[in-house]
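Visitor: I would like to learn how to read the inside of a protein model. Please show me.

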Amino acid sequence: ILVYEALWKAVSHPSVSDIHEYVSRIDPSISLATVYKNLQVFSEIGLVREIGSRDDSTRYDPDVDFHINLICNKCGKIEDYECVSFDEIAPNLKQSVGFQVQSHHFEVRGVCSTCRANS
């Protein structure tokens, strides 16, 4: 429960170490391995999505509703961008090219406004 709570209370798409830091403050007996195992189970049952970040470390997104993750190639910040429902797109994929979607995850990589302003 603490691991899942940490996912939702994080400012944005936490890493395993971010989550472990949060849960350790509440219960120091929770190991890093326990955090990893819980995140793996959450991912397998669809409670979270794994996101690769700029430095190839895994970050976690508890928002499994359709949205696009905007990932900055400079600072690694990940932002959510809400857009049209994927339910509007999936039928067109099957109809036009015969592709049946089983899962989806969208990410766009670029440079965030903060990094652009600091360049």
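Guide: We will go through the core, a helix contact and the aromatic rings of this predicted model.

Visitor: Which residues of the largest nonpolar core touch the most other members?

Guide: A nonpolar core is a set of buried residues joined through side-chain atoms. Here the largest one has 13 residues, and V3, L7, I19, V23, V35, L39 and Y60 touch the most other members. Two or more residues come from each of α1 (2-9), α2 (16-26) and α3 (32-44). The biggest share, four residues, is from α2.

Visitor: What does L39 touch, leaving aside residues up to four places away in sequence?

Guide: Its contacts are V3, L7, V16, I19, V48 and Y60.

Visitor: At roughly what angle do the axes of α2 and α3 cross?

Guide: They cross at roughly 120° and come within 10 Å. The crossing is right-handed. On the α2 side, V16, I19, H20 and V23 meet L32, V35, Y36 and L39 of α3. Seven of the contact residues are nonpolar, one is polar and none is charged.

Visitor: How many aromatic pairs are there?

Guide: There are two. Planes over 60 degrees apart count as edge-to-face. Y4 and W8 have ring centres 6.4 Å apart and planes at 70°, so this pair is edge-to-face. Both residues lie in helix α1, four residues apart. Y4 also pairs edge-to-face with F42, at 5.5 Å between centres and 75° between planes. That pair links distant parts of the chain, since F42 is in helix α3, 38 residues from Y4.

Visitor: Is F42 buried or exposed?

Guide: Buried means under 20% relative accessible area. F42 has 10%, so F42 is buried. Y4, at 26%, is partly exposed, and so is W8, at 48%. Ring pairs join Y4, W8 and F42 into a cluster.

Methods:
Residues are numbered from 1 along each chain as its sequence is written. This is a predicted model: local features need pLDDT of at least 70, side-chain atom pairs count only at pLDDT 80 or more; totals for chains, interfaces and linings use all residues. Side-chain values use heavy atoms; hydrogens and water are left out. A nonpolar core is a set of buried Ala, Val, Leu, Ile, Met, Phe, Trp, Tyr and Cys residues joined through side-chain atoms within 4.5 Å. Buried means under 20% relative accessible area, exposed over 50%, partly exposed in between (1.4 Å probe, protein chains only). Contact means heavy atoms within 4.5 Å. Axes are lines fitted to C-alpha atoms, for helices over the stretch in contact, and angles run from 0 to 180 degrees between N-to-C directions. A crossing is left-handed if the near helix is turned anticlockwise from the far one by less than a right angle, and right-handed if clockwise. Ala, Val, Leu, Ile, Met, Phe, Trp, Tyr, Cys and Pro count as nonpolar, Asp, Glu, Lys and Arg as charged, and the others, Gly among them, as polar. Rings of Phe, Tyr and Trp (its six-membered ring) pair if their centres lie within 6.5 Å; planes under 30 degrees apart count as stacked, over 60 as edge-to-face and the rest as tilted.
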